[in-house]
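Subject: The structure, and what turned up in it

Hi,

Here is the structure I promised to pass on to you. Have a look at it first, and then read my notes below.

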Amino acid sequence: MLACASRIDVEHAGGAYPIFIEPGLIHAAAEMLAPYARNDRLIIVSDGQVWAAQGPRLRIGFAGAGIALIPIIVAVGEQAKSWSVLINLIDRLIALGVERTDTIVAFGGGVVGDLTGFAASILKRGCTYIQIPTTLLAQVDSSVGGKTGINVQAGKNLVGAFHHPAAVLIDPTALDTLPERQVKSGYAEIVKYGLIGDAGFFNWCEAHGHAVIAGDLEARIHAIRASVAAKARIVAEDERETSGARQLLNFGHTFGHALEAETRFGSALLHGEAVAIGMKLAFGLSVELGICGKEDPDRVSEHFG
Ligand code: GLY
């Protein structure tokens, strides 16, 4: 385990798991993942873009560790969260002889994490998995808290399971190869943590959001740590979204999911873009209902531009 990595623990009914946040973690992942490699191999689920951009950094660390990385590459984009891709993934994992004692690594954005986590939850009645999120959205939201699943005709994330990873390894330098549109999409989820309960953090976003988007490493680390810590607190309080606390994390998502469904989960609207619009719409509705002053939506709209 890396001594230098900053660590936030997520507590849940079944125990707890660590989230490590440290630049360079992908390169050093072999050291952390070696104990999870059965028969000197580790199965990595990724998509073609992430594997091309970040796979070589992961491989370097494993080269000297005597552990074979076995990549399974799934389609890029939200449409990979589907029955057909899930079935194909499960078939390939079974063909590889995966046992319940194996650990599957999800290496990619929210789609890869949600899909892999769900596959791990049902394969052999539940396998261990680890998340290495490579998009800002996955690092600050979807890799934390154990929600896994796929989309179906009737809507987003309607089939899935709560299945926590054994660990999450967040390397902020993975974002260096991420297109700006994807960074902005993830940034919406960061702002969400300010809007749902931390006015001071929203003030910080107003002052430093441009630095997060522009690639300032310190700003990114601060934003990721603050977001993960906020989510870990909420998940510990309301793991299964039954008492209301976790519902806060869905702020802007009701409108957002409707917009995503309307655009058929395609690339016309990324998840974070839909959530940003959804949060603005939710503020607008709150003004209409008389439960929110008009100055708040103006500030949010101005921040998102
Ligand atoms: N992304 C919302 C949640 O994890 O509850």
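Before we start, helices (H or I, at least four residues) and strands (E, at least two) are DSSP runs, numbered from the N terminus. The model is predicted, so local features need pLDDT of at least 70 and side-chain atom pairs count only at pLDDT 80 or more, while totals for chains, interfaces and linings use all residues. Residues are numbered from 1 along each chain as its sequence is written, and side-chain values use heavy atoms, with hydrogens and water left out.

Let's begin with a loop. His 27 sits between strand 2 (15–21) and helix 1 (29–33). Leaving aside residues up to four places away in sequence, His 27 touches Arg 57, Ile 60, Gly 61 and Asp 171, where contact means heavy atoms within 4.5 Å.

Next comes Tyr 129, in strand 6 (residues 128–133). Tyr 129 counts as buried because its relative accessibility is 1%. Among the residues it touches are Thr 103, Gly 117 and His 163. A polar atom of the Tyr 129 side chain lies 2.6 Å from the backbone oxygen of His 163.

Now for helix 10 (residues 271–288), which has 18 residues. From first C-alpha to last it reaches 25 Å, close to the expected 26 Å (1.5 Å times one less than the number of residues). Its buried residues include His 271, Val 275, Met 279 and Phe 283. An α-helix has 3.6 residues a turn, so residues three or four places apart point the same way. The buried residues of helix 10 pack against helix 5 (136–142), strand 8 (155–162), helix 6 (180–195), helix 9 (253–262) and helix 11 (295–304). After helix 10 comes Gly 290, with a positive phi near 75°.

Finally, the ligand. Which residues are around the ligand? They are Asp 141, Lys 147, Lys 231, Arg 246, Leu 249 and Asn 250, each with a heavy atom within 4 Å of it. An oxygen atom of the ligand is 2.8 Å from a side-chain N or O atom of Lys 147, and for Lys 231 the distance is 2.6 Å. A polar side-chain atom of Arg 246 lies 2.7 Å from a ligand oxygen. Polar contacts here are pairs of N or O atoms within 3.5 Å.

Enjoy exploring!

How values were computed. Buried < 20%, exposed > 50% of the residue type's maximum accessible area, 1.4 Å probe, protein only. Polar contact = N/O pair within 3.5 Å; in protein donor to acceptor, adjacent residues only side chain to side chain.
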